[in-house]
Amino acid sequence: MAQNGSEAGPLVAGMAGRYASALFDLAQDERQIDEVAAGLDRFDALLKESADLRRLVKSPVFTAEQQAAAIGAVIEKAGLTGLAANFIRLTAANRRLFALPDMITAFRALVQESKGIVRAEVRVAEKPSDAVLEEITASLRDIAKAEVAVDLHVDPSLIGGLVVKMGSRMVDASLRTKLNGIRLAMREAR
């Protein structure tokens, strides 16, 4: 049983999981896990910043040669080197760039699992202050008895409160859920 209460390790399924697992194994053998993670994080930040780069990665319209050349230029400009750069080039050469964001996510999950870090998805109605986010993280750390990586998502439909998923556990303390409960109770009282 894993620390986060799940039966197995992180979910790394499908093609993205296989690529991420292979990269993780290689990075582990070369003792470069943190360097590879930093390189992939840098590329992921570039993806989030550039609509053109996202289009290049996702679009099947570009040929493998066009994708490889463009990705090579991006890698050079970003200063990416080593296993991370080679991995990104490999995904371009194998026509798998479309899955690169999922590969990066799966690689992060493997790194966190190897370091004993538990993932927690937290949905809130509005972006919390840094102090409130630290309180949430500290509370989750106490519950998990391990370091916690928080994936924060803002969902205005919650109205207020928060929803937390950690491993196989979920706590819904949103105002929307409470209001729905009251609405249901009032219907039953008729």
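A salt bridge is taken here as a side-chain nitrogen of Lys or Arg within 4 Å of a carboxyl oxygen of Asp or Glu. On this basis, a search of the whole structure finds ten salt bridges. The structure is a predicted model, in which local features need pLDDT of at least 70 and side-chain atom pairs count only at pLDDT 80 or more, while totals for chains, interfaces and linings use all residues. Residues are numbered from 1 along each chain as its sequence is written, and side-chain values use heavy atoms, with hydrogens and water left out.

The chain is divided into domain 1, covering 15-113, and domain 2, covering 117-189; these bounds come from an automatic or database domain assignment. The centres of the two domains, taken over C-alpha atoms, are separated by 31 Å. The C-alpha trace of the chain spans about 65 × 35 × 30 Å along its principal axes. Eight helices and four strands are present, where helices (H or I, at least four residues) and strands (E, at least two) are DSSP runs numbered from the N terminus. Their pattern along the sequence is α-α-α-α-α-α-β-α-β-β-β-α.

Accessible areas come from the Shrake-Rupley method with a 1.4 Å probe, and for residues only the protein chains shown count as cover. The accessible surface of the chain comes to about 11300 Å², with 56% of this belonging to carbon and sulfur atoms. Residues are classed as buried (under 20% relative accessible area), exposed (over 50%) or partly exposed (in between), with a 1.4 Å probe and protein chains only. Of the 190 residues in the chain, 35% are buried. Contact means heavy atoms within 4.5 Å. Among contacts with a separation of 6 or more, 66% are between residues 24 or more positions apart.

Aromatic pairs were considered next. Rings of Phe, Tyr and Trp (its six-membered ring) pair if their centres lie within 6.5 Å; planes under 30 degrees apart count as stacked, over 60 as edge-to-face and the rest as tilted. The count by this rule is two aromatic pairs. In one of them, the ring centres of Tyr 19 and Phe 87 are 6.3 Å apart and the planes stand at 65°, so the pair is edge-to-face. Tyr 19 belongs to helix α1 (residues 14-29) and Phe 87 to helix α5 (residues 82-93), so this pair ties together parts that are 68 residues apart in sequence. Tyr 19 is buried at a relative accessible area of 18%, and Phe 87 is buried at 7%. Phe 24 and Phe 107 also form an edge-to-face pair, with 6.1 Å centre to centre and 65° between the planes. Since Phe 24 lies in helix α1 and Phe 107 in helix α6 (residues 100-114), the parts tied together by this pair are 83 residues apart in sequence. Both Phe 24 and Phe 107 are buried.

Among the salt bridges, Asp 44 pairs with Lys 48, the closest N and O atoms being 3.0 Å apart. Asp 44 and Lys 48 are four residues apart in helix α2 (residues 33-49), a separation of about one helical turn. Asp 44 is buried, with a relative accessible area of 8%, whereas Lys 48 is exposed, at 61%. Asp 44 also meets Arg 108 in a salt bridge (2.8 Å, N to O). This pair links distant parts of the chain, with Arg 108 in helix α6 and Asp 44 in helix α2, 64 residues apart. Arg 108 is partly exposed, with a relative accessible area of 26%.

A further salt bridge joins the side chains of Asp 155 and Arg 123 (2.7 Å, N to O). The pair links distant parts of the chain, 32 residues apart: Asp 155 in the loop between β2 and β3, and Arg 123 in strand β1 (residues 118-124). Asp 155 counts as buried, at 16% relative accessibility, and Arg 123 is partly exposed, at 22%. Elsewhere, salt bridges that share partners join Asp 41, Asp 44, Lys 48 and Arg 108 into one network.

The loop that holds Asp 155 runs between β2 (148-154) and β3 (161-166). Leaving aside neighbours within four places in sequence, Asp 155 is in contact with Arg 123, Val 124, Ala 125 and Arg 176. Ile 159 is also placed in the loop between β2 and β3, and Ile 159 counts as exposed, at 51% relative accessibility. Patches are made of residues with over 30% relative accessible area and no salt bridge, like charges being joined within 9 Å and nonpolar side chains (Val, Leu, Ile, Met, Phe, Trp, Tyr) within 5 Å. Ile 159 forms a nonpolar surface patch with Leu 175, Leu 179, Ile 182 and Met 186, and together these residues have about 470 Å² of accessible area.
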